Amino acid sequence: MVWWVALSVIVLALLLRDGIGGRSLGKQVLGLRILTPRGERCGYGRSIVRNLPLLIPLWNLIEVALVLAGKPRSGDRIARTTVTEE
């Protein structure tokens with residue numbers, strides 16, 4: 001039971017991490033921000049949509065390949081967000 005609760009907390013943290021202030025802790029350190037097409041911060045809904053592909057086993061490998069190629073993640077395309085410098 002404890003394992004399932006811990007796993008649920010980790011998955012929720014992964015999905016909602018960009019909804020807090022429009023950026024995750026790593027993006028804060030690097031000076032990056034996630035913006036919507038209107039220039040607003042990424043909310044919780046877009047954060048879930050943006051990070052959901054990271055939970056799908058083979059799709060997360062595609063995400064890594066896209067990032068290494070310098071292209072936008074598919075999660076960003078689906079959520080219609082962009083990562084920009086501050």
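## Starting at methionine 1

Is methionine 1 buried or exposed? Methionine 1 is exposed, because its relative accessible area is 79%, and the cut-off for that label is over 50%. Please keep in mind as you look around that this is a predicted model.

Methionine 1 sits in the segment before α1, the helix covering residues 2-16. Together with Val5 and Val9, Met1 makes up a nonpolar patch on the surface. The accessible area of Met1, Val5 and Val9 together is about 350 Å².

## Where α1 meets α3

Next, let us follow α1 to another helix. Helix α3 spans residues 44-51, and its axis and that of α1 come within 7 Å of each other. The two axes cross at roughly 105 degrees. That angle falls in the range from 65 to 115 degrees, so α1 and α3 are roughly perpendicular to each other.

Which residues of α1 and α3 meet? On the α1 side they are Leu14, Leu15 and Leu16. On the α3 side you will find Tyr44, Ser47, Ile48 and Asn51.

## Two loop residues

Leucine 54 belongs to the loop between α3 and α4. Its relative accessibility is 24%, so leucine 54 counts as partly exposed; that label covers values between 20% and 50%.

What does leucine 54 contact, leaving aside its neighbours within four places in sequence? The partners are Leu14, Arg17, Asn60, Glu63 and Arg73.

Serine 24 is in another stretch to visit, the loop between α1 and α2 (25-30). With a relative accessible area of 11%, serine 24 is buried, since that label applies under 20%. Not counting residues up to four places away in sequence, serine 24 touches Arg17 and Asp18.

## Leucine 61 in α4

Our last stop is a helix. Leucine 61 is part of α4, which runs over residues 59-68. Its relative accessibility of 55% is the reason why leucine 61 counts as exposed.

How many residues separate leucine 61 and glycine 39 in sequence? They are 22 residues apart along the chain, and the distance between them in space is 29 Å, C-alpha to C-alpha.

Methods. Residues are numbered from 1 along each chain as its sequence is written. This is a predicted model: local features need pLDDT of at least 70, side-chain atom pairs count only at pLDDT 80 or more; totals for chains, interfaces and linings use all residues. Side-chain values use heavy atoms; hydrogens and water are left out. Patches are made of residues with over 30% relative accessible area and no salt bridge: like charges are joined within 9 Å, nonpolar side chains (Val, Leu, Ile, Met, Phe, Trp, Tyr) within 5 Å. Accessible areas come from the Shrake-Rupley method with a 1.4 Å probe; for residues, only the protein chains shown count as cover. A salt bridge is a side-chain nitrogen of Lys or Arg within 4 Å of a carboxyl oxygen of Asp or Glu. Helices (H or I, at least four residues) and strands (E, at least two) are DSSP runs, numbered from the N terminus. Buried means under 20% relative accessible area, exposed over 50%, partly exposed in between (1.4 Å probe, protein chains only). Axes are lines fitted to C-alpha atoms, for helices over the stretch in contact, and angles run from 0 to 180 degrees between N-to-C directions. Angles under 35 degrees count as roughly parallel, over 145 as roughly antiparallel, 65 to 115 as roughly perpendicular and the rest as oblique. Contact means heavy atoms within 4.5 Å.
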